[in-house]
Amino acid sequence: MGKPFVRQHIVPKRYLDRFASQREEKSIIGTRMYKNNEPYFFLEATSNVGYIKNYYDVTDKDDSKYWEHFFAENIDYLYGTEIRRIISKATLSPNDIVILDEHDKEVLSRAVVAQMLRVPSSIDYMKEIYPRVEKEAKDIIISALPPSLANKYRQKIQDTKLDEQWQKEQFLNLSFAPERYDRYCKLAQDRIWVVYVNTYRNSMPFVTSDNPVLVERIGRKEIGLFKNGLVDPATCIFYPLSPSVSVASYSKDGIFSDVIDEVDGKKELLNELGFIIDKNIKIMEQAYRQSFIPQPFFDRIMNEDTEPVSWNKGQDIYCQGN
């Protein structure tokens with residue numbers, strides 16, 4: 001069991017380290033967040049970003065840090081040797097070949113599903129379905145009582161309000177129950193997986209954020225897991241693993257259904273600048289608080305001679321045309 005954490009990362013520090021630079025034995029990352037309604041850029045150690053103080057603390061278990069320990073021991077370790085190996089295969093292997101085996105897909109699915117579920121936007125989803133979940137919980141409690149007690153306490157139980165802490169605990173318990181989490185991972189693993197290698201790594205790398213998994217649905221503008229669903233044939237998932245490598249997954253019943261053998265598990269060189277910028281914008285837009293920008297791109301942003309280019313709705317990030 002790991003030590004009690006206070007700074008509980010909502011995205012693994014090992015993940016952020018891949019977008020960082022080493023300075024004086026620290027991993028330093030370019031960070032973008034809003035301050036007084038304006039974008040603010042600064043350099044910070046990865047240990048000091050992407051976290052929320054005591055965010056995963058719970059009251060329904062003997063160990064209040066149960067979920068932080070769970071993520072550290074069952075999820076975050078994947079970002080060490082396992083995902084490092086996938087990135088190495090992507091960067092070192094010949095082009096347009098199958099590089100992902102079933103084990104790789106399992107690793108990626110477990111990392112991606114956990115990341116989608118552990119962030120505040122997913123936990124906050126409980127607020128939207130709270131009335132239904134609350135009713136079901138109260139009905140279960142009442143049904144478990146003898147009729148005489150059920151009649152006596154029914155109204156008090158119905159009038160009980162379950163707070164946001166309870167909602168968070170129920171979401172985590174339900175989402176990461178082994179049978180449910182494993183089912184989600186299996187659904188993700190069985191999708192088509194493509195590895196994109198960014199040929200614009202130096203001038204336009206993949207950026208990331210504290211909500212880094214992009215879930216889109218073809219034909220719909222809304223993004224997010226619960227707005228699109230994991231099993232919808234039109235759902236596309238995009239996840240940057242490093243400034244130069246990202247993975248994407250698509251349904252076998254969707255747009256790639258007729259060319260599964262031609263694309264599944266393969267490495268593809270990505271040289272469409274517009275596609276890279278589009279994904280970067282969306283990942284930054286859906287950030288909880290902070291977006292993260294690798295160097296040397298971050299240094300270019302901070303260069304006073306660099307031209308500002310509006311990426312979306314006046315939210316400026318700096319880049320030069322290619």
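## Overall architecture

The secondary structure of the chain amounts to 13 helices and 14 strands; helices (H or I, at least four residues) and strands (E, at least two) are DSSP runs, numbered from the N terminus. This is a predicted model, in which local features need pLDDT of at least 70 and side-chain atom pairs count only at pLDDT 80 or more, while totals for chains, interfaces and linings use all residues. Residues are numbered from 1 along each chain as its sequence is written, and side-chain values use heavy atoms, with hydrogens and water left out.

Of the 322 residues of the chain, 50% count as buried. Buried means under 20% relative accessible area, exposed over 50%, and partly exposed in between (1.4 Å probe, protein chains only). The chain exposes about 16,100 Å², of which carbon and sulfur atoms supply 50%; accessible areas come from the Shrake-Rupley method with a 1.4 Å probe, and for residues only the protein chains shown count as cover. Among contacts between residues at least 6 apart in sequence, 74% join residues at least 24 apart, where contact means heavy atoms within 4.5 Å.

A search of the whole structure finds 17 aromatic pairs. One of them is formed by Trp-67 and Phe-176, a tilted pair at 5.9 Å centre to centre with 45° between the planes. This pair links distant parts of the chain: Trp-67 belongs to helix 2 (residues 66-74), whereas Phe-176 lies in the loop between helix 8 (164-175) and helix 9 (178-189), 109 residues apart. Rings of Phe, Tyr and Trp (its six-membered ring) pair if their centres lie within 6.5 Å; planes under 30 degrees apart count as stacked, over 60 as edge-to-face and the rest as tilted. Trp-67 is buried, with a relative accessible area of 3%, and Phe-176 is buried at 4%.

Both residues belong to one aromatic cluster, which consists of Tyr-55, Tyr-56, Tyr-66, Trp-67, Phe-70, Phe-71, Phe-176 and Tyr-181. Leaving aside neighbours within four places in sequence, Trp-67 is in contact with Tyr-56, Val-58, Lys-61, Leu-172, Asn-173 and Phe-176.

In soluble globular proteins, nonpolar side chains tend to be buried together. The largest nonpolar core holds 51 residues, of which Trp-67, Phe-71, Met-116, Phe-176, Tyr-239 and Leu-241 touch the most other members. Its largest share, eight residues, comes from helix 4 (residues 102-118). A second, separate core of 25 residues includes Ile-192, Ile-260, Leu-273 and Ile-281. Such a core is a set of buried Ala, Val, Leu, Ile, Met, Phe, Trp, Tyr and Cys residues joined through side-chain atoms within 4.5 Å.

Strand 10 (residues 245-250) is mostly covered, with six of its six residues buried. Val-245, Val-247 and Ser-249 point one way, while Ser-246, Ala-248 and Tyr-250 point the other way. In a regular strand the side chains alternate between the two faces of the sheet.

Strand 6 (residues 192-198) pairs with strand 10 in the antiparallel sense over six bridges, and Tyr-196 has Ser-246 as its bridge partner in strand 10. Strand 9 (residues 235-240) also runs antiparallel to strand 10, joined by five bridges; here Ile-237 is the bridge partner of Ser-249. Two strands pair if DSSP finds at least two bridges between them. A hairpin of four residues connects strand 9 to strand 10.

## Local backbone features

A cis peptide bond joins Gln-295 and Pro-296, with omega about 10°. Pro-296 is placed in the loop between strand 12 (291-293) and helix 13 (297-302).

Glu-24 has a positive phi of about 50° although it is not a glycine. Glu-24 lies in the loop between strand 2 (21-23) and strand 3 (26-35) and counts as exposed at 78% relative accessibility. Asn-54, likewise not a glycine, has a positive phi of about 55°. Asn-54 is found in the loop between strand 5 (51-53) and helix 2, and is partly exposed, with a relative accessible area of 27%.
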